[in-house]
Amino acid sequence: MTNDCGSGRFAEKVVFITGASSGVGRATAVAFAAEGADVVVTGVDEEGNAETEQLAAAHGGRVLSLLCDVTSGEDVASALGQTIETFGRLDVAFNNAGIEQPPAPLAEINDADWDRLLDVDLRGVFLCMKHEIPFLRASGGGAIVNTSSGAGVAGLRGQAAYAAAKHAVIGLTRSAALDYAGQGIRVNAVCPGIVETPMAGRFSGGTMEEHDRVVAQEPVARTARPEDVASAVLWLCSDLGSVTTGRAMVVDGGQTVSS
């Protein structure tokens, strides 16, 4: 599953991406732009958004950068309203914004950490889809991809809150897929494993020893790059995946195969 860079397969399509200020969101914004899409870059990091906007715009397409907190329905509605005002339509949404949980056994999870994680990683996806779907319907259909995780299909020690949210994203995705399949809207999830992102660095503590330990667990003998996940997202949103909906595509180098 590769991204044939420069094929123009998303020409005249408008793509809305949350959590685009770094990592997977940034790589996906750049990949869509390289394929001819108009891209809306959103996140809570204004400087990161601007850097992603610059990288995506280097491919010659139109790029709009917006601050958006996915836990606020008003923020999401405003960002999508500006998308329609600027580009006139919406064809693809990648709901990628998320945070991680400070590692802790379940009984030691702070109540505030639990609430914050579920608010961003689950409620944020719900709010985005709620406001995106009417615009996708107005465009005659489209595709949504939500970011779950390898932790959405398997347990993860010390990450009960994160795993609960990511499992729930898959249930939300599958139910929405059934709700809107007859209206030309496909809804899927992508489930990355360990990806070379700032979040992964925080998970591992940022030490080379921990990085090497993680790589040793990977059947493919390397961690994923953000571009690897971006390729999966583009496939799910393209005509190549035109009958794929309600699926959770795991992109983890085989780590969860035995789960």
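Predicted model: local features only at pLDDT ≥ 70, side-chain atom pairs only at ≥ 80, totals over all residues.
Residues are numbered from 1 along each chain as its sequence is written, and side-chain values use heavy atoms, with hydrogens and water left out.

S1 and S4 pair in the parallel sense over three bridges; strands count as paired if DSSP finds at least two bridges between them. Helices (H or I, at least four residues) and strands (E, at least two) are DSSP runs, numbered from the N terminus. Within this pairing, Ile-17 stands opposite Phe-94 in S4. S1 also runs parallel to S2, to which four bridges join it, and Phe-16 stands opposite Val-40 in S2.

The largest nonpolar core comprises 29 residues, of which Ile-17, Phe-32, Val-39, Val-190, Val-233 and Cys-237 touch the most other members. Such a core is a set of buried Ala, Val, Leu, Ile, Met, Phe, Trp, Tyr and Cys residues joined through side-chain atoms within 4.5 Å. At least two residues of this core come from each of S1, H1, S2 (38–43), S4 (92–95), S5 (142–147), H8 (226–237) and S7 (248–251). H8 supplies the largest share, seven residues. Beyond its neighbours within four places in sequence, Cys-237 is in contact with Phe-10, Phe-32, Val-92, Ala-143, Val-145 and Arg-186 (heavy atoms within 4.5 Å). A second, separate core of 26 residues includes Ala-97, Val-169, Ile-185 and Val-187.

One aromatic pair is present in the structure. Phe-10 and Phe-32 form this pair, which is edge-to-face, with 4.9 Å centre to centre and 80° between the planes. Rings of Phe, Tyr and Trp (its six-membered ring) pair if their centres lie within 6.5 Å; planes under 30 degrees apart count as stacked, over 60 as edge-to-face and the rest as tilted. Because Phe-10 lies in the segment before S1 (14–17) and Phe-32 in H1 (residues 23–34), the pair ties together parts that are 22 residues apart in sequence. Phe-10 is buried, with a relative accessible area of 3%, and Phe-32 is buried at 0%.

Terms used. Buried < 20%, exposed > 50% of the residue type's maximum accessible area, 1.4 Å probe, protein only.
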